Amino acid sequence: MSKLTKNQKSVADKVEAGKAYTLKEAAELVKEITTTKFDASLDIDVRLGVDPRKANQMVRGVVSLPNGTGKVTRVLCLCTPDAEAAAKEAGADYVGLDEYIEKIKGGWTDVDVIITMPSCMGKIGPLGRVLGPRGLMPNPKSGTVTMDVAKAVKEVKQGKIDFKVDKTGIIHASIGKVSFTPEQIYQNAKEFIATVIKLKPAAAKGTYVKSIYISSTMSRGIKIDPKSVE
C-alpha cells in the first residue's frame, strides 16, 4: 500500500467517508482538498438509473456552463467559403474545408471540437473512423452540425459542452477549474445536473439520479446528496 504524501495527509480527514454533502458544501470542500500545484480540472460523475443499451434510455445533451470551462477550447470549423469569415470572427481557431479534411485523413486531430454545416457532412462522413473514437465527429444532437456555425463556435468558446451517458450508466464531464470560486463551481455544477435531470427518458424507471460525485484532478471524490440540487 502506497504511503500518503504530506499534502494528502493534511486533507485526508476533511472528507467524511460515506457522507453525502450538499452541492454548496462540496463546491467549497473540493477546493480545500486539492493539493496540486497546477490549476486542476473539476470533474463531475453522475450515475443514472438507465440502461444505455436501449435507445429509448440513452441520455445525451448539451449545456452552457454559466462560468465557462476554464480552459481554452480549440475549435475547427469545416464550412463553405461564404461562412468562413463569420466563423473566424466568432473565434474559430481553424476554418476551412477540403484542406482540413485532407489533414484529418493524414491523422491530424489537434482540436477539441469540430463544427460543420449539414451541406458539408457528405465530405466529413468518411472521416468517422478517425473522428469517432476521439469524440470529434460532428453531430446535430450536440449542436455541432448547424447552419449557423458562427453561433455554434461562439457558444463552444463561452463554455458549451456536450455529454452522454456511457455504457455503464455514468455521465462524466469537466465543469471548470479549481481556481474558480466556490460560487462559480456551484453554479456550473447545478446547471449541469439540472440539464441532466431535464433529459430523463420517459422509459427510465425507479431512481433516475443514483449518485453524484465531484472531484478535481488527483483528488478524492466528494459524494453529493442529489436532493440538494433538485
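Which side chains meet in a salt bridge at 3.0 Å, N to O? I looked this up and found K160 and E155, taking a salt bridge to be a side-chain nitrogen of Lys or Arg within 4 Å of a carboxyl oxygen of Asp or Glu.

**Ground rules**

I note at the outset that this is a predicted model, in which local features need pLDDT of at least 70 and side-chain atom pairs count only at pLDDT 80 or more, while totals for chains, interfaces and linings use all residues. Residues are numbered from 1 along each chain as its sequence is written, and side-chain values use heavy atoms, with hydrogens and water left out.

**The chain as a whole**

I counted eight helices and nine strands in the chain; helices (H or I, at least four residues) and strands (E, at least two) are DSSP runs, numbered from the N terminus. The C-alpha atoms fill a box of roughly 55 × 45 × 35 Å when it is taken along the principal axes. I looked up burial next, where buried means under 20% relative accessible area, exposed means over 50%, and partly exposed lies in between, with a 1.4 Å probe and protein chains only. Of the 230 residues, 43% count as buried. The accessible surface of the chain comes to about 12600 Å², and 50% of it belongs to carbon and sulfur atoms; such areas come from the Shrake-Rupley method with a 1.4 Å probe, and for residues only the protein chains shown count as cover. For contacts, meaning heavy atoms within 4.5 Å, I took those between residues at least 6 apart in sequence and found that 73% join residues at least 24 apart.

**Salt bridges**

I find eight salt bridges in the structure. In general, side chains of opposite charge can pair when their charged atoms come close. Returning to the opening pair, I have K160 as buried, with a relative accessible area of 18%, whereas E155 counts as partly exposed at 24%.

The side chains of R60 and D162 also meet in a salt bridge, at 4.0 Å from N to O. R60 lies in strand 2 and D162 in strand 6, so this pair ties together parts that are 102 residues apart in sequence. R60 counts as partly exposed at 28% relative accessibility, and D162 is partly exposed with a relative accessible area of 42%.

A further salt bridge joins the side chains of D112 and R74, at 3.1 Å from N to O. This pair links distant parts of the chain, for D112 sits in the loop between helix 4 (98-105) and strand 5, R74 sits in the loop between strand 2 and strand 3 (75-78), and the two are 38 residues apart. I have D112 as partly exposed at 34% and R74 as partly exposed at 28%.

**The largest pocket**

I looked up the largest pocket and found about 830 Å³ of space in it. On a 1 Å grid over the protein atoms alone, a pocket is an open set of points where a 1.4 Å probe fits, with protein on both sides within 12 Å along at least five of seven lines, and lining residues have an atom within 4 Å of a point. Grid points are joined across faces, edges and corners, and the volume is the space filled by probe spheres set on the points.

Of the 30 lining residues, D112, V113, G135, D162 and F163 are the closest to the centre of the pocket. Strand 2 (60-64), strand 5 (113-116), helix 7 (149-158), strand 6 (160-164) and strand 7 (170-177) each supply at least two residues of the lining, and strand 6 gives the largest share, five residues. By class I have 13 nonpolar, 10 polar and seven charged residues in the lining; Ala, Val, Leu, Ile, Met, Phe, Trp, Tyr, Cys and Pro count as nonpolar, Asp, Glu, Lys and Arg as charged, and the others, Gly among them, as polar.

I find M117 in the loop between strand 5 and helix 5 (121-124), where M117 is buried with a relative accessible area of 6%. Not counting residues up to four places away in sequence, M117 touches L78, C79, T80, A83, V145, T146, M147 and V149.

In helix 2 (residues 23-32), the buried residues are L23, A26, A27, L29 and V30, and they pack against strand 1 (41-48), helix 8, strand 8 (209-216) and strand 9 (222-224).
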